[in-house]
Every structure is written in structure tokens, then in C-alpha cells.
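Open the model in your viewer and keep the selection tool at hand. The stops below say what to select and what is found there.

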Amino acid sequence: MALNPHRTIAELKELRALTGNENGAQRVAFTPVWVAARTWLLGKLAELPVETHVDAAGNLWSTLAGDSPRALLIGGHLDSVPNGGWLDGCLNVIAGVEVLRRLAEEYSGRPPVTVRLVDWADEEGARFGKSLFGSAACSGKLDMDEAQGLRDRDGITLPEALRGIGVDFEKVKDSGVELKTAAASIELHIEQGPVLLDLDLPLGAVLGTFGVERHAITFHGQAAHSGSTPMNRRRDAFLAAGKMSQEIYRIAERSGGGVCTIGSCTTKPGIVTSVVEECRITLDQRHLDAGALATMLAEARAASEAYATEGNVRVTWERLWQIEPRPFHPELIQLCADAVQESCGTVHRLPSGPLHDSAEVCGAGIPTVMMFTQSLHGISHNKIEDTREEHLVQAVTAFDRLAGKVMEWILQQPA
Ligand SMILES: [Zn+2]
């Protein structure tokens, strides 16, 4: 039985039919539809010579034991955002099942190294507003105080939702034991952006995930009558904030590959007849290089202070969230590039703007790499998310090659 990427596509469609509707995928973590997706997956795994269990954080592990206990992890996530696409996350899981099938057949149930497929729990964070729950718990990086207080729209807390699937919140970090034998980790994902599409390439090797700095910037001016206040007498908080919106494009351009977004802007008093007294904007900055990210942040701070001084207003900063860049393992990036090159004749290396479970696995010190496949329209988290079927076939083929290369690489590492 050779690798059959067309079966992967058929199974992706099967899952879509089972867990989606006219608005897209509905596999939000810890909901009945997500449980149904897992049950479906268990049915596929039952045909393989694997041991399967759910860990202390609700992640599903399926292990094909090998001659060496050192393990290659293949990670993905069945969960989706509400009205999500048919490929985000589950492409990896289902391609991973196909790789397990190929390996089980080729090595009569016992490959040279252990191979473990993991379906991470709640990658998307769609319900509780916090991504990468299962992988963060497993890597030990989950902020327990913050996670404890998370609530969904109906007021249900994360610990309550976890209890519903038999997971004890207090023990979620016990899942870290699963990583003890991990020697390397690989993940296949749709790109979710337009880079490969614009280059007309089916696949790419991922260099790592961007570091993120997320801040709220508030300018404090003075409310004043919009008719009686001359322009030169105003302390206009919005004017300073508005200048920032152009500045971040210059900052991003100078950074060599970074991105900056002002995603929200609120004003007080927020009425048509008043100069803005207070303007709060949020700034999201991302870069693969920690030094470059720090420079982007410093430049934004300096600009905000200069515009505040210029406009006779005050500025304050508040950090909302931060994560360091997670550069992937150089040797695994090379193996991934080789696998892509052999499968489609050309390769492009690119960073990942979105975070993935692989960022957490990499942060736990496990050599990690991801492979991207092209996204049509450059869009995901939307029912129009799509990838050409010939690209999916190439993706599964190249990903299987990568698995083989990384297994050999694991055997070459000192024990
Ligand atoms: Zn995803």
C-alpha cells in the first residue's frame, strides 16, 4: 500500500460533510461537533497498529511504536473557528494519518523510530479568545492564572468546558510528559496568506513563526468645542494617533520583512462636535527576528512620543500581549526545503505570520519545522478557504517525504 494523497482529499471532504454546514466548518473546540470530528478520527486510527489516548490537556495522541523510542511528532488540530475553512489544521491531521498508514505498511507495523500523531486541543482559541491551549499546556508555557479566568460568550469558564470533556484544569500541564521522548516535530498547514499564490508555487518551507508585540497606545488631549476652538489652539488626541497610522507603514518597510497593524481606534468623547480628548489605538507588530521586532517597537514608541509633543498631548503605552519569534530548526528547514524541491522542482522559504501549535512545540526546545501549501485567494478562517487539489496531492507527498527524512535525521542524532 503506497501513500495515497487522493484518499487524504476524500477524507477531508468526508470530515467537511460531517462537521460543516453552508457557512463552513463548525469544529469549535470542546463542542459536540468537535467531539464528533474526534470520534471520526478515532475510527480512522482504529484501522492502524497504533496506541491512542487523550492526554491531561485534552490532546489526542496516536503512537506507532518504533525500534527507537525517540519520536517524530506530526501535529495538527481538528478544531476550527466558527464558519471556518475545510483545511486549516485538519489537513495536517488527516495527512498525518496517511503518513502513519504508509509507515505501518512499509515497516510491517514497526518503523525505525516511533511516530506520533497529535491532534492539539483548541488551537484556534475561537471560544475563549486564547489560541494554542493544548500545545501551550503541553509545552509548560500556559499562563494558568489567565487561562483559569477565561469565559466564553455564555459565561462558561475554560475549566468548566474542559470538565465537560473529562479534563481537569488543575492537571493540564501534566500533559508535558508526552514531550519527553519527542526528538523532532513537523506540521503541514495551509499558508493562510498570498505569498505562495503570488509566486505561483504549491509549497514552501517555513522558517519559523513571527514574534508578536501587541500594545494599546492612548493619546490624551483635551475636549473642546469644534466650532469655537481655533485649529492652532487644539490638543487633538486623534491627530497624533492619525499620524501613527502612516508611520507604521514606514516602520514595517524599514524592518525588512516585518508587519504592523493598527487594528482598532476608539475616541472620547466620540461626538461630532468635539475635538478628541482621548484616542486609544492598538498596535500589533510581528517579525521573525527578535532584534528587528525590538527595533520596530522602539521606533513606534519614539514616533508616538514625537507626535504627542508636536500636538501638545500626552501618550501612554500598555502591553497587551507578547510572544518571542520562534525560528525553526535550521537542519529541519533544509530537510523540508529538500522534500519540497524533490516533490515540485522548486522551493521558497517563508516565515509564518500566524501562530501555530508548532510555535509552542519549538518553544519547548524540540527541533521543529512546518511546511506550507498554497492558499487560493490567500484567505482562511472563512468558508471560501481553499487549495487546488493538485497542490494538496503535492503537499501530502512532500510531507510524507519530509517525515522520512526527519526519521533518518533522528537516527543520526546522538542519543
Ligand atoms: Zn491552523
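**Stop 1: the largest pocket**

Select strand β12 (residues 314–323), which gives the most to the lining of the largest pocket, with three residues. Helices (H or I, at least four residues) and strands (E, at least two) are DSSP runs, numbered from the N terminus. The model is a predicted one, in which local features need pLDDT of at least 70 and side-chain atom pairs count only at pLDDT 80 or more, while totals for chains, interfaces and linings use all residues. Residues are numbered from 1 along each chain as its sequence is written, and side-chain values use heavy atoms, with hydrogens and water left out.

The space in the largest pocket comes to about 820 Å³. Next select K130, S131, L132, W321 and L355, which are the closest to the pocket's centre among the 31 lining residues. A pocket is an open set of points, on a 1 Å grid over the protein atoms alone, with protein on both sides within 12 Å along at least five of seven lines; a cavity is a set where a 1.4 Å probe fits but cannot get out; lining residues have an atom within 4 Å of a point. Grid points are joined across faces, edges and corners, and a volume is the space filled by probe spheres set on the points.

Colour this lining by class and it divides into nine nonpolar, 10 polar and 12 charged residues. Here Ala, Val, Leu, Ile, Met, Phe, Trp, Tyr, Cys and Pro count as nonpolar, Asp, Glu, Lys and Arg as charged, and the others, Gly among them, as polar.

**Stop 2: the second largest pocket**

The second largest pocket holds about 190 Å³ of space. Select strand β14 (residues 349–352), the source of the largest share of its lining, three residues. The lining also takes in other residues, including E191, F372 and G378.

**Stop 3**

Select residues 182–190, strand β7: nine of its nine residues are buried, so the strand is largely enclosed by the rest of the structure. Buried means under 20% relative accessible area, exposed over 50%, partly exposed in between (1.4 Å probe, protein chains only).

Strand β5 (residues 68–76) runs parallel to β7, joined by four bridges, and I74 has I186 in β7 as its bridge partner. Strand β15 (residues 368–373) is also parallel to β7, with six bridges; there S185 stands opposite T368. Two strands pair if DSSP finds at least two bridges between them.

**Stop 4: the zinc ion**

Which residues coordinate the zinc ion? Select H77 (NE2), D88 (OD) and H189 (NE2), at 2.0 to 2.2 Å. Donors are N, O and S atoms within 2.8 Å of the metal (3.2 Å for Na, K and Ca); water is not among the atoms, so sites may look incomplete. Along the chain the donors follow the spacing H-x10-D-x100-H. H77 is buried at a relative accessible area of 0%, and D88 also counts as buried, at 4%.

D88 also lines the second largest cavity, together with D79, S80, V81, G84, G85, E124 and H381. This cavity has a volume of about 30 Å³.

**Stop 5: the open sheet**

Return to β12, which belongs to an open sheet of four strands in the order β10-β11-β9-β12, with antiparallel pairing. β10 (259–268) and β12 are at the edges with a single partner strand each, so one side of each has no neighbour in the sheet. Finally, select I217, which stands opposite I281 in β11.
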